[in-house]
Amino acid sequence: MKRLSGWEKTLRYVLLLVVLAITVGPFLWQLSTSLKGTTEDIYTYPPKLLPEHPTLKNYSGVADIIPVWDYALNSLKVALTNVVTNVIGASMAGYALARLRFKGRKIAGLAVAMALLVPLEAIIIAQFTMMRDLSLNNTLVAVVLPGAVSALNVMLMRNAFSNLPYEIEEAAVIDGANVWQRFVRIALPSVKGTIAVVAIFAFMGAWDDFLWPLIVLSDSSNFTLTVGLNFLHGTFQQNPRLVAAGTIIAVAPLIVMFACLQRFFFRGVGEGAVKG
Amino acid sequence: MERPAKRIRTHRAISPWLFLLPGVGVIAAFNLYPFFTTIYKAFTDARTLTSGNWVGLQNFQTMIHDDQFWTALRNSGLYVLLVVPFTVLLPLLLAMLVQKQMPGIAFFRSAFYTPVVASVVVVGLIWVWILDDRGLVNGILNVLGAGPVKFLGDQWLLLLSAMALTIWKGLGYYMIIYLAALANVPQELHEAAAVDGAGPIRRFVSVTMPSVRPTMVLVGALSSVNAFKVFSEVFLLAGPAGGPAGEDTTLVMLVQRVGTGLNGRVGYASAISLIVFVIALLLMLLVLRADRKEEPR
């Protein structure tokens, strides 16, 4: 690869910094606002990024208005359940579609492919009435159920299993291992990377989801964090410091997770998008 | 001798279905079944608490005379037209910027992805604060001697702000897709073009663009469908009512407003949902077809 000339390098770094300011700047501004006390003017011209007297008062303040930690716990429950159900359901179904020969496999594969084509937004009212009929509306179970196993994840797992060489299972077949043993002991450990991708995106998807919990949850004690924040915004928008603290609580866990598990994020987004 | 063999065979016949049951069961029950009930309910006058009667095409006739529907269709359509060119082009340029190996580039790459990781509610509320009459953007405009601009007070500025938010949040997501595609562009092509005296812009148009074309089409298809289904960005910036006099309502916002609540018009909302589904599918086919037509060149 040819080396970059001095001015081109400088130009590239300048552009990178501009984009950095545009993409990350708003988060920093929000963090800064959340750390400014009630006595500090947040509307100064020119705007000040560094708080004069940083305080954590807004974080306890937001908890006085909405039960933000309960909402965070609700979001955590929903997200973790979503991880477990997606990993188990998608890997089992993906394995059957990729590795097992049986009557009806084509139909099952077609059903999954068809589900990929249906946007959630187009069936959300039917899902809502369904939850009402099942008397599950306004529960966290209802928040989890529709996305408990997503068709995209089944496809991702199916592709991962399809890419495994057959030889690795053959030896086990000769040793007399049945299909469950082969699945648990040989196939699953070979697709750890894809499982990690499914798990991370299941967590993020559930933690960030807004439209569905907004529709299915009506009682404020069951809100997830995103719905609770929207409520906070609607009721208390006169104090941006509190809203800022709430949003930082909601985004911080994901940024930490992202920082630790980046390589899976990048791998997953590429794969998911190309194959979805 | 016969018994064990038989047992193995039945085991084999059942176990694939046991494997499929949790996953395909959930997908059939909570994705496919609601899809079919949506189609059916679109032809009924169902409400939240009543299952309703068959009314034929009445919901669609109502729709034709419903100003709210046309406003929402216009907004969702505008969203596609104005958002997609940016989500196809900007992330490509961004991917080219972070593709070159330079010290610290991994940091920039990850940092640009931050808006993707955050919930749309979080970034929506951040933008509400930034675009506030006395917020950061107006603060900067003030320093430059312009403004203040009431971004969230005007019907059109609101919609444009929501579009900007969508584009901004999608930058990192589509950038990663492009990065994978750019990695496959042979370096020799660039070098050959450079030897022939082609400048950076020429090289972009005649080397980079043709090689990442399939990816541009994919991003175009994905972002068209996503833009058409927009809900949260407009809901958060313009409020549940969709801005002043509801003029910023999008189709999915209309579905949510009409179909939920104790007296939700489930039948009518299902009919609108069906329109959303059909147009989203057509958009995807249209974009993918446009690519195939031009290919023989």
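## A:Trp7 and helix α1

A:Trp7 sits in helix α1 of chain A. Helices here are DSSP runs (H or I, at least four residues), and they are numbered from the N terminus. A:Trp7 counts as exposed, because it has 8 C-beta neighbours inside 10 Å. The cut-offs are simple: a residue is buried if 20 or more other C-beta atoms lie within 10 Å of its own, exposed if 12 or fewer, and partly exposed in between, with C-beta atoms placed from the backbone. A:Trp7 and A:Gly205 are 198 residues apart along the chain. Their C-alpha atoms are separated by 42 Å.

This is a predicted model, in which local features need pLDDT of at least 70, side-chain atom pairs count only at pLDDT 80 or more, and totals for chains, interfaces and linings use all residues. Residues are numbered from 1 along each chain as its sequence is written, while chains are lettered from A and ligands numbered from 1 in the order in which they are written.

## Where the chains meet

In chain A, 78 residues are in contact with 72 residues of chain B. Two residues are in contact if their C-beta atoms, placed from the backbone, lie within 7 Å. Which helix gives the largest share of the side of chain A that touches chain B? Helix α1 (residues 6-34) of chain A does, with 13 residues. By class, this side of chain A has 61 nonpolar, 12 polar and five charged residues. Ala, Val, Leu, Ile, Met, Phe, Trp, Tyr, Cys and Pro count as nonpolar; Asp, Glu, Lys and Arg count as charged; the others, Gly among them, are polar.

## Two domains in chain A

Chain A is divided into domain 1 (6-55) and domain 2 (66-275). These bounds come from an automatic or database domain assignment. The C-alpha centres of the two domains of chain A lie 34 Å apart. Six residues of domain 1 of chain A are in contact with six residues of domain 2 of chain A. On the domain 1 side, two are nonpolar, three are polar and one is charged.

A:Lys48 lies in the loop between α1 and α2 (57-65) of chain A. A:Lys48 has 14 C-beta neighbours inside 10 Å, so it counts as partly exposed. A:Lys48 and A:Ser32 are 16 residues apart along the chain, and their C-alpha atoms are separated by 8.8 Å.

## A helix pair

Two packed helices are described by the angle between their axes and the distance between the axes. Helix α3 (residues 68-99) and helix α10 (residues 192-208) of chain A pack at an angle of about 145°. Their axes are 8 Å apart. Axes are lines fitted to C-alpha atoms, for helices over the stretch in contact, and angles run from 0 to 180 degrees between N-to-C directions.

Among the residues of α3(A) in this contact are A:Ser75, A:Asn82 and A:Ala90. The α10(A) side includes A:Ile195, A:Phe203 and A:Trp207. By class, the contact has 12 nonpolar, four polar and no charged residues.

## The nonpolar core

The largest nonpolar core has 166 residues. Such a core is a set of buried Ala, Val, Leu, Ile, Met, Phe, Trp, Tyr and Cys residues joined through C-beta atoms within 7 Å. Helix α8 (residues 155-182) of chain B gives the largest share of this core, 15 residues. Domain 1 and domain 2 of chain A both give residues to this core, so it lies between them.

B:Ile272 and B:Val276 have the most contacts inside the core. Leaving aside neighbours within four places in sequence, B:Val276 is in contact with residues including A:Glu121, A:Ala122 and B:Leu251.

## Loops and other sites

A:Ser135 has a positive phi of about 55° although it is not a glycine. A:Ser135 lies in the loop between α5 (120-133) and α6 (140-144) of chain A. B:Ala245 also has a positive phi, of about 60°, and is not a glycine. B:Ala245 lies in the loop between α11 (232-238) and α12 (251-259) of chain B. Is B:Ala245 buried or exposed? B:Ala245 is exposed, because 10 other C-beta atoms lie within 10 Å.

B:Ala238 lies in helix α11 of chain B. B:Ala238 counts as buried, because it has 25 C-beta neighbours inside 10 Å. B:Ala238 and B:Leu159 are 79 residues apart in sequence, and 8.0 Å apart in space, C-alpha to C-alpha.

Key:
Helices (H or I, at least four residues) and strands (E, at least two) are DSSP runs, numbered from the N terminus.
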